[in-house]
Structure formats: C-alpha cells, structure tokens
Amino acid sequence: MRGRLGFLGLLLIPATAAAQAPALDSLREAAPGSARPPEAGSDAAAPDPGAPDLPFASTPDLRARTVAERLRRMQVADPLGAAVAARELARHDYDAIFRGFLAGTALRETDAGDVLAAFVVLQWMVANDATTEPSPAALRAIRRQFVAPLATKPPLSLPGARAAFAEEVKLRAVLHHAGWQAAKGAGTLPRFLATLPRDLLAPATLRTLAMTDDGLVPRDARTRAVPPAAAAPARGDAARARPSEPELPAEPRFPGNWASVEGVYFRAAYGVGVGGMMILRFEPLILLRDGTTYAVAAAALEDVDLTAERAAEPRRFGRWTRAGDTVTLIDDRGRADTYTLQDGRFFRAFPAGAGETVARSYRNLSGGGNTAMGGDVMIAVSNRYDFRADGTYGRGGSVGATNSGATSGVGSAVSGRRAPEGGRYALDRHTLTLTAPDGRVRRLFFAFASHGDPPAIDRDMIFVGDDAFTPPH
C-alpha cells in the first residue's frame with residue numbers, strides 16, 4: 001500500500017525540470033515553485049564549519065542500480081505496487097525531483113551529509129504534517145545533530161559506499177514525499193503515518209519533537225526530563241545492558257550447527273548512541289542453508305540450541321533468498337529488505353585463522369539518554385578488549401549517566417567500572433575462547449569485518465557476540 005500511495009503522488013510530478021517538481025517547501029528558502037539559488041552571502045548559502053563535507057558522485061549507472069534495487073525490495077512485499085513503481089520511475093527522474101527539493105537552501109545534492117539532513121527534515125515534516133519552513137540555522141543544526149556522529153563510520157566514511165547510501169536516501173526521500181502528498185489528497189494520512197518504517201526516528205517519536213534553530217528538541221523538555229535511574233539502557237535503539245557471558249563446559253554442546261551455515265555476514269542498522277544521538281551500528285547475521293537467518297547473540301554458534309532459541313527468541317530468526325550478489329532478508333514479522341553485497345549496508349564477515357593472534361585493543365561505545373534532543377540525560381557505556389600477541393588478554397569497561405538538572409534544577413551523576421579481568425584467549429574461525437586463570441571457559445561469537453568489492457578482510461573492526469568493536473581513538 002505504501003508503494004501504491006507513493007506513486008499516486010509521483011503521477012503529479014512533471015519530468016521536464018527539477019523546478020517543476022512539487023517543491024518540498026520545508027527545504028526551500030525561495031517561494032514554492034521557484035528554483036532560484038540562495039543569494040551569495042546570504043545566511044542560507046553560508047557553509048556550516050561544524051559539519052564535515054561528505055562529497056559523492058552521482059552517475060546514471062548508480063542511479064539505475066538504486067532504482068533496480070528498490071524495485072526488487074518492493075517486488076517481495078508488494079508485486080502490484082512494484083509494477084506501478086517500475087512504470088512511474090521509468091517516466092520520472094528522481095534525481096531531478098530531489099534537486100528541486102534542495103533549491104534555495106544551502107544543502108547540496110552532491111554531499112551525502114546534506115542529503116541525509118534533508119531526509120531527516122522531510123521525515124519530521126511528514127510525521128507532523130508540517131508546512132512551516134525551517135530556518136537556515138535549523139537546517140545546519142539538524143545536519144550537525146544527525147550527520148556529524150555518522151561521518152567517521154561506514155557507509156559515510158567510505159566514498160564508494162557513501163555514494164550508494166546517498167542515492168538510496170535520495171530515492172526514498174522522493175517516494176516518502178510523494179506518498180505523503182498522495183495520502184493527504186486521498187484523506188488517508190493517519191493510515192499512511194501508521195505504516196511508515198522506523199528510519200532514523202519513528203513517526204511517534206518525531207511528533208514529540210519541535211523544529212528549532214537548535215535542531216529537533218523535545219516539545220516540552222521540562223516534562224520529558226528523565227532522571228538517570230529511570231533512563232537505563234534498553235535493548236535495541238538504546239545502549240544495551242549486557243549480561244555476563246555464560247560459563248561453559250570444556251566442549252561445545254552443538255558442534256554440528258556449523259554444518260548448516262551458508263555464510264556469515266553483517267549489516268548496517270540505525271540505533272541510538274550516547275546522549276540519544278542517532279548512530280549507524282553493525283549487526284552480525286548468520287545465513288543458514290535451510291533459508292533461515294539467525295541474528296547472532298553473545299554465545300558462539302556451537303553452543304546455541306537453535307531449536308530452543310527459535311522458540312525463546314523468535315525475533316532473532318527470519319528468512320533469506322539470494323539472486324547473485326543480491327540478498328533479500330525477511331524478518332519474523334514478514335518485512336523484507338534487499339541488500340547488495342558490499343554496497344555499504346550488507347557485508348561479508350571473515351573468520352579468524354586457527355590459532356591466530358591479535359596484538360591490539362578494541363573498544364565498543366554505546367549509550368542512551370536525550371541530550372541530543374535538548375534534554376538533560378546522557379548515558380555512556382564503554383567496553384574494551386586488549387588482545388596481546390602472546391595469547392593473553394585484558395578486559396574492562398565503564399558506565400556513566402548524568403542529568404544536567406537544566407529543567408529540574410537538580411543535577412546528578414552516577415558512574416561505575418567493570419571489574420577488570422584477564423586470562424588467555426584463542427581464535428578459531430568464528431569462535432573466541434576466553435580462559436580465566438582458574439580454568440573457567442567462555443566461548444563467544446567472533447568475526448572480522450570486511451571492506452571493498454570484492455570483499456577483503458578488515459581487522460580494524462571485529463565482532464564479539466553481537467557487538468562491533470573498533471580501535472580506540
């Protein structure tokens with residue numbers, strides 16, 4: 001239904017020029033229907049020194065691949081909508097339409113950060129059915145708020161992946177806008193909003209935020225202030241409280257599990273980091289030969305009772321299909337998403353060699369709170385591994401939460417450190433074995449990341465359990 005609504009809107013879009021596209025007024029400094037650029041020296045044209053440039057090159061071939069991949073995704077969930085989409089995207093140039101959205105602003109269609117900022121603004125507009133134009137200061141603040149934390153991480157940090165990501169965001173912005181306009185015209189806006197995906201922020205969350213010169217902030221910060229004790233990290237979109245890994249018998253319980261594995265991969269997903277800032281995180285995923293997927297937990301696969309796990313944690317399982325380098329993943333609720341290997345969102349994961357050693361440190365930083373949205377609460381959780389070439393390791397971490405008291409008048413802070421541990425480690429393919437000095441054994445899932453196409457091993461990122469670790473900076 002979302003696809004068909006979107007293309008009802010696209011039927012109204014002339015293909016002759018970007019200036020004739022239905023202007024996204026919230027991103028224009030010029031009047032609707034005008035495509036004049038901002039005047040030299042104006043506030044709208046002023047660069048933002050606090051936001052890193054993220055240039056990319058848009059090519060006809062890349063745009064064609066972006067459309068083809070979107071149509072493949074739609075085909076899985078809505079074949080009729082995909083057919084309508086294919087017809088309309090053949091008639092209308094989404095790139096020209098998107099350029100029309102940005103006309104009159106300082107946002108550039110050749111910068112992935114600006115493209116992402118435009119999409120965030122559009123999402124807020126749609127969720128609130130808003131027509132008020134944000135100020136140039138608001139556009140700059142939103143770019144800093146949502147883009148700056150992602151700029152040093154894939155896909156934005158990798159030029160090739162950055163381009164693919166930006167084109168996908170551009171296309172989604174055009175479809176998002178078209179669906180919004182069509183739903184308004186048909187009187188079905190509430191239903192349209194109820195079925196929107198959770199990209200970056202859910203519509204329900206966006207409706208609690210106001211667009212200001214400081215970016216998106218809570219509409220009523222005083223009533224939304226949360227003390228640190230009530231803002232504990234939550235699974236999924238906030239920092240995750242990690243139970244200690246189970247102590248295991250010396251031998252794996254289900255060694256035959258690996259015979260059922262087709263491959264090990266990882267994918268990009270949005271989550272919430274320190275202070276509630278949106279971040280891009282990576283999640284390891286195992287594809288099984290029976291056409292199902294398993295989202296990795298802490299334990300090594302050979303210690304997982306997959307039958308019992310499927311009953312206890314059905315959300316960790318889904319289905320997959322493949323056509324060449326294109327993989328379609330369907331979650332436990334039937335929602336489908338299509339990926340192309342090494343395209344910036346879906347990557348091969350590499351095993352360690354038998355007996356391989358690593359002589360470096362890795363850190364994982366997660367968090368929660370609401371300071372990114374103008375609130376008072378910030379939560380930070382840090383975990384660290386120090387691996388040494390002689391086969392020994394050290395491990396530590398910390399957690400901290402602060403409440404500035406700006407709205408309540410009472411500030412507070414709590415902090416703690418994980419008890420340090422150490423022992424010996426061993427790597428064998430996708431298993432990290434940790435042996436304490438007293439002989440206790442823990443086996444955890446392990447993988448190296450990859451980069452490039454064809455994929456090459458990337459030892460600057462590892463997965464331990466379902467967390468990604470990178471060298472501390």
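**View 1. The largest nonpolar core has 77 residues.** A nonpolar core here is a set of buried Ala, Val, Leu, Ile, Met, Phe, Trp, Tyr and Cys residues joined through side-chain atoms within 4.5 Å. Buried means under 20% relative accessible area, exposed means over 50%, and partly exposed is in between (1.4 Å probe, protein chains only). Inside this core, the residues with the most contacts are Phe98, Trp124, Leu216, Phe282, Ile286, Tyr294 and Phe463. Helix H5 (residues 112–128) gives the most to the core, with 13 residues. Apart from it lies another core, this one of 17 residues, including Tyr385, Phe387, Leu434 and Phe448.

A quick note on what you're looking at: this is a predicted model, where local features need pLDDT of at least 70 and side-chain atom pairs count only at pLDDT 80 or more, while totals for chains, interfaces and linings use all residues. Residues are numbered from 1 along each chain as its sequence is written, and side-chain values use heavy atoms, with hydrogens and water left out. As for the labels, helices (H or I, at least four residues) and strands (E, at least two) are DSSP runs, numbered from the N terminus.

**View 2. Who does Phe282 touch?** Contact means heavy atoms within 4.5 Å. Leaving aside neighbours within four places in sequence, Phe282 is in contact with Pro154, Phe266, Arg267, Ala268, Phe347, Met461, Phe463, Asp466 and Ala468. Look for Phe463 in particular: both Phe282 and Phe463 are listed among the residues with the most contacts inside the 77-residue core.

**View 3. H5 and helix H7 (residues 159–186) pack against each other.** Their axes are 9 Å apart, at an angle of about 25°. Axes are lines fitted to C-alpha atoms, for helices over the stretch in contact, and angles run from 0 to 180 degrees between N-to-C directions. Angles under 35 degrees count as roughly parallel, over 145 as roughly antiparallel, 65 to 115 as roughly perpendicular and the rest as oblique. H5 and H7 are therefore roughly parallel to each other. On the H5 side, the contact is made by residues including Ala112, Leu116, Phe119 and Val126. H7 brings, among others, Phe165, Val169, His176 and Trp180.

**View 4. Asp95 pairs up with Arg63 and with Arg99.** Side chains of opposite charge can pair when their charged atoms come close. A salt bridge is a side-chain nitrogen of Lys or Arg within 4 Å of a carboxyl oxygen of Asp or Glu, and the structure holds 27 salt bridges. The side chains of Asp95 and Arg63 meet in one of them, at 4.0 Å from N to O. Asp95 lies in helix H4 (residues 94–102) and Arg63 in helix H2 (residues 60–77), so this pair ties together parts that are 32 residues apart in sequence. Asp95 is buried, at 7% relative accessible area, and Arg63 is buried too, at 19%. The salt bridge from Arg99 to Asp95 has its closest N and O atoms 2.4 Å apart. Arg99 and Asp95 both sit in H4, 4 residues apart, about one turn of the helix. Arg99 is partly exposed, at 33% relative accessibility.

**View 5. A salt bridge links Asp460 and Arg360.** Their side chains meet at 2.8 Å, N to O. Asp460 lies in strand S16 (residues 456–464) and Arg360 in strand S10 (residues 360–369), so the pair ties together parts that are 100 residues apart in sequence. Asp460 is partly exposed at 40% relative accessibility, and Arg360 is partly exposed at 29%.

**View 6. Helix H6 (residues 136–146) is mostly covered.** Of its 11 residues, 9 are buried, including Leu139, Ile142, Arg143 and Phe146. Arg143 also belongs to a network of salt bridges, linked with Asp53, Arg108, Asp111 and Asp114.

**View 7. Which backbone spots have a positive phi or a cis peptide bond?** Most residues other than glycine have a negative phi, and most peptide bonds are trans. Asp129, in the loop between H5 and H6, has a phi near 45° and is partly exposed at 33% relative accessibility. Gln342 has a positive phi of about 65°; you'll find Gln342 in the loop between strand S8 (336–340) and strand S9 (346–348), buried at 11% relative accessibility. The peptide bond from Asp453 to Pro454 is cis, with omega near 10°, and Pro454 lies in the loop between strand S15 (441–451) and S16.
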